[in-house]
Amino acid sequence: MGKTKHSGKIKLPGRPDPKLWVSKVPFGLGKVKPKHIRDTMKVVWDNRDRLPYAYRILTQGVCDGCALGVSGLYDQTLSGPHLCTTRLNVLRLNTMPEIKPDILHADIEVLRGMDSTRLRELGRIPYPLVRRKGERSFRRVGWEEALDRIAAKIRGIDPKQLAFYLTARGITNESYYAAAKAARYLGTNNIDNASRICHSPSKTALKRSLGIGASSCNYKDWIGTDVLVFWGSVAANNQPVSTKYMYAAKRRGTKIIVINPYREPAMEGYWIPSIPESALFGTRLADDFYQVNIGGDIAFMNGIMKTWFEMEDARPGSAIDHAFVSAHTVGFEELKAHLSAQDWGALERSSGLTRDRIGEFARLLALSRSGVFVWSMGLTQHRFGTDNISQVANLALLRGFLGREHCGVMPIRGHSGVQGSGEMGADPFSLPGGEFSAKDIERIERLWGFKLPQWQGDIVGVSLENALLPADHERKLKLFYTSGGNFLETMPDPDFVRRCLESVELRVHQDIVLNTSTLADAQEEVWVLPAMTRYEQPGGGTSTSTERMVYFSPEIRGPRIAEARPEWEIYGQLAARAKPEGSAAVAFRDAASIRGEIALAAPNYDGIQHLAKQGDVFQWGGAWLCENGVCPTEDGRGRLLPIELPELRKPEGRFYVTTRRGKQFNSMVYSETDPFNGAGRFDVLMSREDSADLGVREGDAIVAYNRYGVFYGRIKLEDIARGNIELYWPEGNVLLPKGVYEPYAGIPEYNAAVVVEKAETYHALKDTRYVERRIEELELEAPE
């Protein structure tokens, strides 16, 4: 851990810089871009019934959107107010009134006729509900009946048949901690959370390469670094406030590089609403794009390092920081030998970039004195995601971009609650403040006062699949308890997921709104429990940002859902009913007492017990982890790891497919049109060269298919690497394989190979037998 403290906010330049303008036409009139003023007015209109409360949430609470850590309207990076459409879009979730009874208790098919957007707009869940198998509507119940029935079911099954899941829906560290403790008290290690489905390879790889499990640096390090690299991350779309940091970085001379198959319009130029100059004329963000193939990042990074070693052979010291490598790493010679054996032809084919183009980027990094690598799900959501991130760590170690100002590695988080989830122990591989190891088990047992289950828990995807096991199997999922989450719209192969959900005997949905998963049947019962938002939670709550800032978000005065309860309280009450003989161990009198225990359970969080009022914040680990190059590994050194190219088989003329986000927050879609490129939700982004080869034009109907599913859409011509297409998520999930997980971190595979054909061709000749034969002949399935 580092000793240097965060040095505080900096000011933006006062004078404009026309060299960075996207257009001299005010407000980007005539361009495809987000309409921030219009969208803000819509949010005001949507919240018109509770505007004072909405204003207090925005100005007093910590953002429940992305994990940049805006407290009220301010953060720790830049002076001045920050507000983005992501936060505004989720605001209504906190201000909505209750769902009207006539809709809530309507026939289940009426509710099933609504998509998740419409269900969300119905309002908040007002009281506990139950729907038994065969019943046509939800019935109102009391909390006592609900908790008693769920507790009785828990007592009647093997703990291995019980699983918990927590989404990132504004959930606080207190709720994650209480859930993790309750699950282990009830005897199960089957507890998982949304961050693992996004960034589990980041934690796993950083642990094995650097000994850390979080961002090593701050957003402030972006501003003034020589090169800022976004790898598989569209921060301008998913974390819009980050564009202010990019603007500040550009004003300091930082080069911004984007590595992505698609030349993302959001990263090319952005109109930042809280900076007058940018709001008027836009800001050019990216200096260059490297359009790597889907799954080609390992080859690209091997090519970069191979170039460095070639540069070193010609002129020692021209590419690698030998002083840093010698003092702070192991594995240098093994990595060098591995790279020397790499074939340039294979690297070019896999990456989709030429040797010259790879060399260009390698030389840029070699000439840079500082650099920050930022990445997201474009690197993690592969069956080789952990290897992707270890490659990023390799780059940082060879250049010494670690443990000092303007340097670092940053897995940028997409939700405000996810960084703290694993650190609170709410996943099968973690305990508060540590791993699920013998040493940490013993430590936590002493603190908690009860024995922990010793068996390895399952990741959520496996838990769901376990619902299909024989009835007498010890791991057959019989009770699934989920706080938020919509697996029908977040996991590959939605039809299979529905079968899993409906095979569970009893499901509990603890949430603030209904979604399509809530409406799926169960073998016995579906229970729905109304939860409080973070702003309603008595005693406030905390969340941890991407840069390890732990913020206090106070309880905010306003209207309440009468029967909603704090999430941490529900877990404690349920555990006490299911296992009353030792219930004092899981009972918390208030949120402050949870924070006091967190400080004992997770040493990095010592200080959380003092957070009590608006604006309170501290950063665990100091400004930079691995400060001065010293890693928290056994020998204090980072590991340089030789990473093999993943085998990717794609028949000639076929396509790799991945998914992307439009105007949405996670699976919550706010517009049918992408504000950055004008695409619809069923558009297929394809290069002009590929469309010409296929004989299709913009707007033509096409069919993309593989052995997993069939997708019907229309061609949208965009600047994307040849041989690659992108679909919107979750609509494109029908083409993704089920049951394919990354071997180290367990993240689902979110990429696949597909055939793309004109719809008229597909339907004119293709009966089912033909399609099946085509799939078999093409051998589309990548090796698992």
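Two strands are taken to pair if DSSP finds at least two bridges between them, and the strands themselves, of at least two residues (E), are DSSP runs numbered from the N terminus, as are helices (H or I, at least four residues). The structure is a predicted model, in which local features need pLDDT of at least 70 and side-chain atom pairs count only at pLDDT 80 or more, while totals for chains, interfaces and linings use all residues. Residues are numbered from 1 along each chain as its sequence is written, and side-chain values use heavy atoms, with hydrogens and water left out.

On this basis, three strands form an open antiparallel sheet in the order E18-E19-E20. Strand E18 (541–544) and strand E20 (617–619) stand at its edges, each with a single partner strand, so one side of each lacks a neighbour in the sheet. From one strand to the next the twist averages 20 degrees, where axes are lines fitted to C-alpha atoms, for helices over the stretch in contact, and angles run from 0 to 180 degrees between N-to-C directions. Four bridges join E18 to strand E19 (residues 549–553) in the antiparallel sense, and threonine 542 stands opposite phenylalanine 552 in E19. Helix H8 (residues 173–185) lies across E18 and E19 and runs at about 95 degrees to E18.

Helix H3 (residues 85–95) is mostly covered, eleven of its eleven residues being buried, that is, under 20% relative accessible area with a 1.4 Å probe and protein chains only. The buried residues, among them Arg87, Leu88 and Arg92, pack against helix H1 (36–46), helix H2 (51–60), H6, helix H10 (235–238), strand E23 (664–665) and E24, contact meaning heavy atoms within 4.5 Å.

Pockets were identified on a 1 Å grid over the protein atoms alone, as open sets of points where a 1.4 Å probe fits, with protein on both sides within 12 Å along at least five of seven lines; lining residues have an atom within 4 Å of a point. The largest pocket has a volume of about 790 Å³, a volume being the space filled by probe spheres set on grid points joined across faces, edges and corners. Of its 38 lining residues, Lys203, Lys207, Gly433, Gly434 and Glu435 are the closest to its centre. The largest share of this lining, seven residues, comes from H9. The second largest pocket holds about 570 Å³ of space and is lined by 25 residues, with Asp115, Glu489, Phe682, Pro730 and Glu731 nearest its centre.

How values were computed. Buried means under 20% relative accessible area, exposed over 50%, partly exposed in between (1.4 Å probe, protein chains only).
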